[in-house]
Amino acid sequence: MIKVSEEAKKKISALMSEGGFNPEADYVRVGVKSGGCSGLSYELNFDKSQAEGDKVFEDNEVKIVVDKRSVLYLAGTILEYSGGLNGKGFVFNNPNAQRTCGCGESFSL
């Protein structure tokens with residue numbers, strides 16, 4: 001469902017530990033919400049539990065929860081981390097996105 005690159009895994013683990021989360025037991029919550037310059041934007045948070053209706057995935061030893069509304073938008077997405085000079089942060093490589101904004105934080109189908 002959602003793949004996690006090695007760089008993203010390392011950054012997620014470090015951020016979870018800094019934030020009081022356990023990378024081996026807690027979750028990365030990924031979702032989509034209305035907004036952004038292209039219509040939809042990505043959400044990424046940490047969570048200690050899953051909610052009713054969540055879909056749970058695991059890739060590269062990272063546990064991911066996605067709300068049922070966001071699953072269709074995120075199918076096949078690869079979560080990567082870029083630490084380069086052009087910008088730091090998580091990057092969603094989403095094969096479903098027809099158009100993305102310049103910053104890469106929003107998209108449309």
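Helices (H or I, at least four residues) and strands (E, at least two) are taken here as DSSP runs, numbered from the N terminus. The model before us is predicted, so local features need pLDDT of at least 70 and side-chain atom pairs count only at pLDDT 80 or more, while totals for chains, interfaces and linings use all residues. Residues are numbered from 1 along each chain as its sequence is written, and side-chain values use heavy atoms, with hydrogens and water left out.

I shall begin with the salt bridges. A salt bridge is counted when a side-chain nitrogen of Lys or Arg lies within 4 Å of a carboxyl oxygen of Asp or Glu. That rule gives six salt bridges.

One of them joins D59 to K3, with 4.0 Å between the closest N and O atoms. This pair links distant parts of the chain, since D59 belongs to strand β4 (residues 55–59) and K3 to strand β1 (residues 3–4), 56 residues apart. For accessibility, buried means under 20% relative accessible area, exposed over 50%, and partly exposed in between, using a 1.4 Å probe and protein chains only. D59 is buried at 19%, whereas K3 is partly exposed at 46%.

Next, K10 and E7 form a salt bridge whose closest N and O atoms are 3.7 Å apart. Both residues lie in helix α1 (residues 6–18), and because they are three residues apart, about one helical turn separates them. K10 is partly exposed, with a relative accessible area of 49%, and E7 is also partly exposed, at 43%.

A further salt bridge connects K48 with D26, the closest N and O atoms being 3.4 Å apart. K48 is in the loop between β3 (40–47) and β4, and D26 is in the loop between α1 and β2 (27–34), so the pair ties together parts 22 residues apart in sequence. D26 is buried, with a relative accessible area of 8%.

I turn now to the nonpolar core. The term denotes a set of buried Ala, Val, Leu, Ile, Met, Phe, Trp, Tyr and Cys residues joined through side-chain atoms within 4.5 Å. Which residues of the largest nonpolar core touch the most other members? Of its 18 residues, they are I12, V30, I64, V66 and L74. At least two residues of this core come from each of α1, β2, β3, β5 (62–66), α2 (71–74) and β6 (78–82).

Finally, consider V30, where contact means heavy atoms within 4.5 Å. Setting aside neighbours within four places in sequence, V30 is in contact with I2, E43, L44, I64, V65, V66, D67, L74 and F92.
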